[in-house]
Amino acid sequence: MFGPIKIPYESVMLLNICKLKNGSRFEDAEMAIGEVCSLTKNNHDNFIAGQVFSYEGFISPEGTVGDMGEEGDHFLLITYWKDFESHEESHKDKIVMNAFEGILEFLSDTKELGYKLEWQGEKE
């Protein structure tokens, strides 16, 4: 569950930026996030892997171009799929979507952006 993951080159990644409501913390939503992740992982054959990142508040001035804004409290739900269509089918799963409602109660905004893997490598 907390080990390394291997992402096939022919995969897609969905990055869901989840902004927390004022007064909500990542820890408040953590159990609901875990439930959605477990249901997705166990119920969808074309799901490859997932990750959850909580924002720590640091911004790299060396790696940032342009103005740094007020990022606010948020976390990332990252999922890897064999194809985008499989991801979209997962949104029709009533069990997963009912569980996702538990996360939404803590969020003011969420955007799910899709990406195609173009390069990956590991240190040798």
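Is Glu 89 buried, partly exposed or exposed? In this predicted model, Glu 89 counts as partly exposed, because its relative accessibility is 47%, a value that lies between the 20% limit for buried residues and the 50% limit for exposed ones. Glu 89 forms a salt bridge with Lys 92, and the closest N and O atoms of the pair are 3.1 Å apart. Lys 92, for its part, is exposed, with a relative accessible area of 61%.

**Salt bridges**

The count of salt bridges in the model comes to five. Among them is the pair of Glu 89 and Lys 92 described above. Another part of the chain holds a network of salt bridges that links Arg 25, Glu 27 and Asp 28. Arg 25 counts as partly exposed at 49% relative accessibility. Glu 27 counts as partly exposed at 47%, and Asp 28 likewise counts as partly exposed, at 31%.

| Salt bridge | N to O distance |
|---|---|
| Glu 89 and Lys 92 | 3.1 Å |

**Strand 3 and its partners**

Strand 3 comprises residues 74–81, and seven of its eight residues are buried, so this strand is largely enclosed by the rest of the structure. Strand 3 pairs with strand 1 (residues 12–20), to which it is joined by eight bridges in an antiparallel arrangement. In this pairing, Met 13 stands opposite Tyr 80 of strand 3. Strand 2 (residues 47–54) also runs antiparallel to strand 3, and seven bridges join the two. Here Phe 47 has Trp 81 of strand 3 as its bridge partner. As a general point, the side chains of a regular strand alternate between the two faces of the sheet.

**Ser 108 in strand 4**

Ser 108 belongs to strand 4, which spans residues 107–116. Ser 108 is exposed, because its relative accessible area of 52% is over the 50% limit. When its neighbours within four places in sequence are left aside, Ser 108 is in contact with Lys 19, Leu 20 and Lys 21. Asp 93 is 15 residues from Ser 108 along the chain, and the C-alpha atoms of these two residues are separated by 23 Å.

Conventions:
Residues numbered from 1 in each chain as written. Predicted model: local features only at pLDDT ≥ 70, side-chain atom pairs only at ≥ 80, totals over all residues. Heavy atoms only, no water. Buried < 20%, exposed > 50% of the residue type's maximum accessible area, 1.4 Å probe, protein only. Helix = DSSP H or I, 4+ residues; strand = E, 2+ residues; numbered from the N terminus. Pairing = 2+ DSSP bridges. Contact = heavy atoms within 4.5 Å. Salt bridge = Lys/Arg side-chain N within 4 Å of Asp/Glu carboxyl O.
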